[in-house]
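Hi everyone, thanks for coming. I'd like to walk you through a structure that may be new to you, so please have a look at it while I talk.

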Amino acid sequence: MTITRRTALQVGGIGAIGAAALTVPLTQAQASTPSTLATANFPKRFATPLPIPKELPRSTSPDAEASPYYEISELAAEADIVPGLKTTVLGYNGVFPGPTIVADKGEPIRVKVRNKLPLLHPTWGHALHTSTHLHGSASLPQYDGYASDLTAKDQSKTYRYPNSQPARTLWYHDHAVHNTAQNAYSGLAGQYHLHDDDERRLLPQGEFDVPLTVTDAMFSRNGKLSYDDKTQSGLWGDVILVNGKPWPVMKVKRRIYRFRVLNASISRSYRFSLSNGAPVTMVATDGGLMPVAQTVTSWRHAGAERYEVLIDFSKYAPGTRIELRNASNKNNIDFDFTGKVMAFDVTADPVDLSDPKATKLPTTLVPSTAMSLKPSDAVKTRRFRLKRDNNIWTIDGITWGDVIASEYQKVIADPDYDAVEIWEFENSSGGWYHPLHIHLVDFQILSRNGNPPFAWEKGPKDVVYVGEGETVRLIMRFEHQKGRYMVHCHNLPHEDHDMMAQFSVGYKAGDYDANDPIKADPAKYD
Ligand code: C2O
Ligand code: CU
Ligand code: CU
């Protein structure tokens, strides 16, 4: 066993309490497993059925406004995640993942979010004021979950979602300043499905349209979540959850399924593939349908990215089991079972193949604003470096602390409304990767280190994997809204400390901003 600083400290600690207190010898396995669950409580692989989050039902509008209205409460609750023990989660309506919100393009909705959480986090003690971000939506700044636009305990805020963009998989999650990582990790995350006619025509629907929210976690002996972000560099759990259950198994019929894969892990990135080596058909990215479907045998998937894949189970005999696996990527920390994610068991259940989408994989999909842009459309190129300065993560040396100190005025870019720009992000480090997220826009990845993007990235995106030693070039149009929006790393411990900045669309310093993200429509006591 290699003596690391940490094990040396453990040995020192044992010396202090006396060797008699040592009932089990230190082993490599103990040192390498962050969960301290007893063996009987450590979840088995493929023993739990995959749950599908319920759809959030509509509520009755409190006023005469006609747009669909929903209510959701942030609650602390006890969940069954590991066998034999309860785990405290913070969840939208007390469940993790939260209920799926389903919307249609062209129909704006309102969602009232109530903060009914304890005043302080039950395990880690920080104040539980929240901010709800709908990731993937071009919402107005005051409804975008701006980190410092907080909803305190017993307050609520009614968010407005325009649903003006093409169909896509979005997700809503907590974005509270400096505590996003612990809050999202505790369970404040859920999917949001925006539908439109193209997507209905091209992709499976209903029970064959399956959300898969993948996270990793570590548990203490009593079943509670534990948290170790390795000096704010990242959290790597040893238990993989899909839709809130460890290594679940799903029964599938012999036809094509669509999976909306969301990596909601706060730090871990995955390299997904099927255990039989079969390819999947990639049809949609963060911003919805790709222009052309891509066949891939594996894909690299960072936190907050969404990839929609089709898997054709028709060619497998009933009884076949296919695992979704994770081959991992550089600078993740892997454990005994983090190479496994979930399993699909092919059944002999009768299947209706009259819908062509059940049997035919699409090839040409639809174009989009982002994917139709050409470098010659850009009026400006901006360059940013992602780096660690004096132990603080920064974007070009800027932190959210600098934004706060400027009374939320400091911006790293001020594109004109409707302008097309190229933004370049450089990560010259070999020691970490950064999933860089730009609010408001969908972008196209033009290149990575001068090469074309990977096949699975050839669709509209709002998060880009900026790997070790990588420089990515992105092109985007600053459309939909004016105002101030965040840009940050989606490794959430990085975001919280303090790799987040903002840009302003359509305003120059000193202009009056009617959609001030904090002042325009603050949370209220119920
Ligand atoms: Cu999913 Cu600003 O975040
Ligand atoms: Cu976002
Ligand atoms: Cu980062």
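A word on the ground rules. This is a predicted model, where local features need pLDDT of at least 70 and side-chain atom pairs count only at pLDDT 80 or more, while totals for chains, interfaces and linings use all residues. Residues are numbered from 1 along each chain as its sequence is written, chains are lettered from A and ligands numbered from 1 in the order in which they are written, and side-chain values use heavy atoms, with hydrogens and water left out.

Now the overall picture. The C-alpha trace spans about 70 × 60 × 55 Å along its principal axes. For 526 residues, a compact globule would have a radius of gyration near 24 Å, and the 23 Å of the protein agrees with that. That radius is taken over C-alpha atoms, and the globule rule is 2.2 Å times the number of residues to the power 0.38.

How much of the protein is buried? Of its 526 residues, 57% count as buried, where buried means under 20% relative accessible area, exposed over 50%, and partly exposed in between, using a 1.4 Å probe and protein chains only. As for contacts, meaning heavy atoms within 4.5 Å, take those between residues at least 6 apart in sequence: 78% of them join residues at least 24 apart.

Back to our sheet. It is an open sheet of 4 strands in the order β27-β25-β29-β30, with antiparallel pairing; two strands pair if DSSP finds at least two bridges between them. At the edges stand β27 (463-466) and β30 (500-505), each with a single partner strand, so one side of each has no neighbour in the sheet. From one strand to the next, the twist averages 20 degrees, with axes as lines fitted to C-alpha atoms (for helices over the stretch in contact) and angles running from 0 to 180 degrees between N-to-C directions.

Let's go across it pair by pair. Between β25 and β27 there are 4 bridges, and H434 stands opposite V466 in β27. Next, 3 bridges join β25 to β29, with H437 opposite H488 in β29. Strand β29 is largely enclosed by the rest of the structure, because 7 of its 7 residues are buried.

Now the copper ions. Which residues coordinate the copper ion called ligand 3? They are H434 (ND1), C489 (SG) and H494 (ND1), at 2.0 to 2.1 Å. Donors here are N, O and S atoms within 2.8 Å of the metal (3.2 Å for Na, K and Ca), and sites may look incomplete, as water is not among the atoms. H434 lies in strand β25 and C489 in strand β29 (residues 483-489), so this pair ties together parts 55 residues apart in sequence. Both H434 and C489 are buried.

A cis peptide bond joins F96 and P97, with omega about -10 degrees, and P97 lies in the loop between β2 (86-92) and β3 (98-104). Another cis bond joins H497 and D498, with omega about 15 degrees; D498 sits in the loop between α7 (492-496) and β30. S328 is not a glycine, yet has a positive phi of about 70 degrees, and at 11% relative accessible area S328 is buried.

Note on methods: Helices (H or I, at least four residues) and strands (E, at least two) are DSSP runs, numbered from the N terminus.
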